[in-house]
Amino acid sequence: MQFNSITRNSGRTSPGTSVDNLREIGQGRPYDLYPLRGSPYNRDVSSGDNLLSRPSGDTLLFDADDTLWENNIYFERAIASFISYLDHKVHTAEEVREHLNRCEHATIAAHGYGLRSFRRSLVNCFEDLSGSVTDQQHQRILGFADSIAHHEIELLPQVAETLAHLSNRHRLILVTKGDPVEQTGKLERSGLAPHFTAVEVLPEKHDEAYLALSALHRCDAARTWMIGNSPRSDINPALRAGLHAVFIPHDFTWVLEHETVEQAPEGQHLLELKSFQELLQHF
Ligand SMILES: [Mg+2]
C-alpha cells in the first residue's frame, strides 16, 4: 500500500497509546452513544467501483462540522453581524473579535460547545465592552446566535457520493463534539445518517476520548483512521491515541481549532488531502 501524500514519520513513539492500552480502557463509557438504524456496513460492493485501493474492513472515523458540511461560516456571519451591531467607538472590529474569542474560551471551558455557549459568549462580550445590556439589546444579540440554529445543511462537495462508496467497504463512525441534540439534528437533516454505523457526540475530542471510543467500538488501531479538518481536535489527538489520520483542511476553520499538525509517530500514517473526494483514492 502506497501512501503518497503526506506520510510523516517522526521516529518517535507515543507512550501509553498501544493497542493493548486501547483495549484496557473499555471499562464503562464516559460518552453517549447514538446507534443509527439500518447499518450498511458489509453490504455488497457496487459494480464498477474500481477506484478503491485499500482492502475493505477499515474503520473510518469522520468529523462532521467543516468536514462533511459547512458550519463555521454561519458563525462567522453571525459574529460579523454582532460586531457591526455593537459598533464600538473605542475598540476596533479585530479587538472585539479577540475579546469574543476569550469569552468563547471561558464559556466553553465552563459549559461545553454548542449554540448555548455561543449565545452566552456574545452576551458576555457585549456586556464587557459596553458596560451593560438592555433587554432589547439582549434579544437582538440572541437573534444573531439563533440565526445559525435552523439553517439548511450545506454538504461540502462530493461528500454524499464519497460516503456512499466508502460505506460499502468500511465501517464509518461519526465522531463530533458539541451539544448532542444539535449535532444529531444536523446529521439527520444532512441525509448522511444511513452511512454511519454509530455516532459519538463527545464533550471534547482529546487523546483520552479517542482511546475510549476506540476501545468501545473495538477498533484495531492499525486499521482505524480519523478524518477531519481540525488539527487540534481531529488530527493531533487521534495520532497521539495511536490511530492513523487524514487531514482535509477547510479554508474557514474556526480559529479555536487552529494548531500545528503533528508528525505521525513511527508506524502510523498521516495523509493530507485537498478534497473529500480524494478519500476514494486511498480507501
Ligand atoms: Mg470540524
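This is a predicted model: local features need pLDDT of at least 70, side-chain atom pairs count only at pLDDT 80 or more; totals for chains, interfaces and linings use all residues.
**Exercise 1**

Determine how helices α2 and α4 are oriented relative to each other, and which residues form their contact.

*Solution.* 
Step 1. Locate the helices: α2 covers residues 72-86 and α4 covers residues 115-130.
Step 2. Take the geometry: the axes lie 12 Å apart, at an angle of about 25°.
Step 3. Apply the cut-off: angles under 35 degrees count as roughly parallel, so α2 is roughly parallel to α4.
Step 4. Assign the hand: α2 and α4 cross in a right-handed sense.
Step 5. List the contact: α2 contributes F75, F82 and L86, while α4 contributes F118, L122, F126, L129 and S130.
Step 6. Sort by class: this contact has 7 nonpolar residues, 1 polar residue and no charged ones.

**Exercise 2**

Describe the crossing of α4 with α5 and the make-up of the contact.

*Solution.* 
Step 1. Helix α5 spans residues 135-149, and its axis comes within 9 Å of that of α4.
Step 2. The two axes cross at roughly 145°, and the crossing is right-handed.
Step 3. On the α4 side the residues are L115, F118, R119, L122, V123 and F126.
Step 4. On the α5 side they are Q137, H138, I141, L142, F144, A145, I148 and A149.
Step 5. By class, the contact holds 11 nonpolar, 2 polar and 1 charged residues.

**Exercise 3**

Decide whether helix α9 is largely enclosed or open, and find what its buried residues pack against.

*Solution.* 
Step 1. Helix α9 runs over residues 231-240.
Step 2. Its buried residues are P231, S233, D234, I235, N236, P237, A238, L239 and R240.
Step 3. Since 9 of the 10 residues are buried, α9 is largely enclosed by the rest of the structure.
Step 4. The packing partners of these buried residues are β3 (171-177), α8 (207-216), β5 (224-228), β6 (244-247) and β7 (270-272).
Step 5. After α9 comes G242, with a positive phi near 95°.

**Exercise 4**

D87 and Q158 have a positive phi without being glycine. State where each one sits and how exposed each one is.

*Solution.* 
Step 1. D87 has a phi of about 45° and belongs to the loop between α2 and α3 (93-111).
Step 2. D87 has 9 C-beta neighbours inside 10 Å, so it counts as exposed.
Step 3. Q158 has a phi of about 65° and lies in the loop between α5 and α6 (159-169).
Step 4. Q158 has 15 other C-beta atoms within 10 Å and is therefore partly exposed.

Notes: Residues are numbered from 1 along each chain as its sequence is written. Axes are lines fitted to C-alpha atoms, for helices over the stretch in contact, and angles run from 0 to 180 degrees between N-to-C directions. Helices (H or I, at least four residues) and strands (E, at least two) are DSSP runs, numbered from the N terminus. Angles under 35 degrees count as roughly parallel, over 145 as roughly antiparallel, 65 to 115 as roughly perpendicular and the rest as oblique. A crossing is left-handed if the near helix is turned anticlockwise from the far one by less than a right angle, and right-handed if clockwise. Two residues are in contact if their C-beta atoms, placed from the backbone, lie within 7 Å. Ala, Val, Leu, Ile, Met, Phe, Trp, Tyr, Cys and Pro count as nonpolar, Asp, Glu, Lys and Arg as charged, and the others, Gly among them, as polar. A residue is buried if 20 or more other C-beta atoms lie within 10 Å of its own, exposed if 12 or fewer, and partly exposed in between; C-beta atoms are placed from the backbone.
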